[in-house]
Protein chains: 2
Amino acid sequence: MIRVAIVDDQQLVRDGFGLILRSQPDIHVAAEAADGRQFLDAVRRDPRIDVALVDIRMPVLDGLQATRELAAIPHAPAVIVVTTFDDDAYVLDAIASGARGFLLKRCSAADLIAAVRTVAAGEAILSAEVTGAVLDRVRATGPATRVDLAVYQLTPREADVLALIGAGLNNNEIAERLFLSMSTVKTHVTNVLAKTGSRDRVGAAILAIQAGLTP
Amino acid sequence: MIRVAIVDDQQLVRDGFGLILRSQPDIHVAAEAADGRQFLDAVRRDPRIDVALVDIRMPVLDGLQATRELAAIPHAPAVIVVTTFDDDAYVLDAIASGARGFLLKRCSAADLIAAVRTVAAGEAILSAEVTGAVLDRVRATGPATRVDLAVYQLTPREADVLALIGAGLNNNEIAERLFLSMSTVKTHVTNVLAKTGSRDRVGAAILAIQAGLTP
DNA sequence: CCCGATCTGGTACCGAGGTACTGGTCAGTC
DNA sequence: GACTGACCAGTACCTCGGTACCAGATCGGG
């Protein structure tokens with residue numbers, strides 16, 4: 001049984017989604033909310049919600065901000081952003097906010113139901129209309145990961161240090177973060193530089209970013 | 001009428017796809033090819049192909065490389081990569097290569113037909129199984145709101161220096177590249193750090209990358 | 001014309017970064 | 001037990017990065 005929350009400030013939209021979803025035997029509408037705040041409250045009350053259909057434009061707290069705050073809640077539901085706006089920026093922002101799906105309200109009832117099942121299964125879904133924009137974005141940021149970190153045979157600890165270098169930390173901060181002495185950090189840094197062929201920590205930082213070590 | 005090319009080294013797969021697609025009145029199978037080279041030849045012969053279903057693993061010229069070379073041909077068809085491998089790297093590579101769709105062969109006939117129509121309409125399509133990986137990738141590369149460099153009010157020269165810092169150059173190299181003395185470079189660097197609020201050049205380098213100063 | 005911003009350069013200084021060693025603990029392997 | 005690799009830590013040393021402060025040259029605008 002898939003437990004779903006419907007989050008939209010328009011009563012009519014909530015009712016429509018509810019009718020569609022309640023027609024499915026394996027889907028249960030567990031909560032409804034009219035704004036992001038109510039949504040977050042509902043999630044905190046009921047940690048068993050699997051999927052949330054969330055509108056972007058809402059009073060009090062918009063859907064994207066609510067999705068971001070959701071990350072701090074344990075057992076948070078997977079979010080499908082459902083919107084009338086097919087603006088590319090919204091897609092990318094929604095994804096960046098942690099959404100696992102992006103649907104346009106003009107989609108069919110079958111699409112909506114399929115999306116809920118897909119996301120509940122741990123996968124993700126995009127409306128075809130916005131998939132192109134996402135692909136353009138991916139293409140713009142280059143292929144897979146330009147740098148394969150495995151090539152350098154870094155030890156786990158060295159990888160930790162490299163990640164922190166990529167985050168812009170200096171040796172002292174790395175030492176504090178990893179509960180090490182400066183000397184040890186320097187040793188690791190030296191090894192990382194040698195293994196990666198970087199001349200200094202700037203090169204290592206660039207490498208770390210290109211390898212996707214920094215969020 | 002949507003004109004489709006089927007590119008796969010396995011006869012059985014081509015026949016299967018052909019059967020499925022020919023069952024649709026609005027779809028015409030205009031070409032078949034057993035490897036990337038044949039595919040490119042077919043596209044050059046017949047510039048009216050709208051959509052191509054392309055396998056990755058093929059002799060002579062693989063699907064991704066063929067897709068990349070396709071970009072040089074006018075009126076090139078939109079490519080849907082169809083593969084048995086759901087490896088994330090393939091998805092991202094395919095997108096980077098210019099594919100407008102990525103399907104797994106385990107999908108249904110209806111999915112295949114819908115994908116062809118979607119891509120023919122100028123949109124894009126991803127199998128739900130791989131959409132998650134693409135979304136993770138987008139999230140990893142940060143939100144649409146990168147870093148707006150204009151906020152920092154950098155002078156043109158300072159922006160030059162920042163870009164070179166982001167490329168991993170040290171002060172000496174920057175001096176040589178810009179025909180300056182070390183002193184001048186240091187002055188600029190200090191100003192850049194002050195204006196951007198970075199503590200050291202590592203932070204500035206990260207900023208430069210996030211601002212897109214480094215390709 | 002003067003004023004301000006920008007670009008350029010210099011000197012002096014200091015701390016962080018980085019290297020080169022040495023040496024210790026611990027876990028797993030032969 | 002001996003050996004290896006990862007991890008941790010220290011000392012000594014030097015270079016580079018960065019700051020502070022200053023100053024000349026240029027240029028556009030009030």
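Author: Strand β4 of chain B, residues 78–83, is largely enclosed by the rest of the structure, because six of its six residues are buried. A residue is called buried if 20 or more other C-beta atoms, placed from the backbone, lie within 10 Å of its own, exposed if there are 12 or fewer, and partly exposed in between. Helices (H or I, at least four residues) and strands (E, at least two) are DSSP runs, numbered from the N terminus.

The model is predicted: local features need a pLDDT of at least 70 and side-chain atom pairs a pLDDT of 80 or more, while totals for chains, interfaces and linings use all residues. Residues are numbered from 1 along each chain as its sequence is written, and chains are lettered from A and ligands numbered from 1 in the order in which they are written.

The residues of β4(B) point two ways: B:A78, B:I80 and B:V82 to one side, B:V79, B:V81 and B:T83 to the other, with all of them buried. Strand β3(B), residues 51–54, pairs with β4(B) in the parallel sense over four bridges; two strands count as paired if DSSP finds at least two bridges between them. Within that pairing, B:A52 has B:V79 as its bridge partner, and B:L53 has B:I80.

Both strands belong to an open sheet of six in chain B, with parallel pairing and the order β2-β1-β3-β4-β5-β6. The edges are β2(B), residues 27–33, and β6(B), residues 125–126; each has a single partner strand, so one side of each lacks a neighbour in the sheet. Helix α2(B), residues 36–45, packs on this sheet, touching β1 (2–7), β2 and β3 of chain B, and its direction makes about 130° with that of β2(B). Angles run from 0 to 180 degrees between N-to-C directions, and axes are lines fitted to C-alpha atoms, for helices over the stretch in contact. Two residues are in contact if their C-beta atoms, placed from the backbone, lie within 7 Å.

The loop between β5 (101–104) and α5 (109–120) of chain B holds B:C107. This cysteine is partly exposed, with 15 other C-beta atoms within 10 Å. Apart from its neighbours within four places in sequence, B:C107 is in contact with B:L112 and B:S127. B:S127 is 20 residues away along the chain, and the two C-alpha atoms are separated by 8.0 Å.

Further along chain B, helix α8(B), residues 171–178, packs with α9(B) at an angle of about 110°, the axes being 9 Å apart. The two helices are therefore roughly perpendicular, a label that covers 65 to 115 degrees, with under 35 counted as roughly parallel, over 145 as roughly antiparallel and the rest as oblique. From α8(B) the contact uses B:N171, B:N172, B:I174 and B:A175, and from α9(B) it uses B:M182, B:V185, B:K186 and B:V189. These residues divide into five nonpolar, two polar and one charged. Here Ala, Val, Leu, Ile, Met, Phe, Trp, Tyr, Cys and Pro count as nonpolar, Asp, Glu, Lys and Arg as charged, and the others, Gly among them, as polar.

DNA strand D is surrounded by 19 residues, and the closest are A:T155, A:S181, A:S183, B:N170 and B:D200. A residue is near a strand if its C-beta atom, placed from the backbone, lies within 6 Å of it. The elements giving two or more residues to this surface are α7 (156–166) and α9 of chain A, and α8 and α9 of chain B. α9(B) gives the most, with five residues. By class, the surface has four nonpolar, 10 polar and five charged residues.

DNA strand C has 20 residues around it, the closest being A:N170, A:D200, B:T155, B:R157 and B:S183. Here α9(A) gives the most, with five residues.

The two chains also touch each other, in a contact that takes 35 residues from chain A and 34 from chain B. On the side of chain A, the elements giving two or more residues are α4 (88–97), β6 (125–126), α6 (128–140) and α10 (201–210). Of these, α6(A) gives the most, with nine residues. That side divides into 18 nonpolar, nine polar and eight charged residues.
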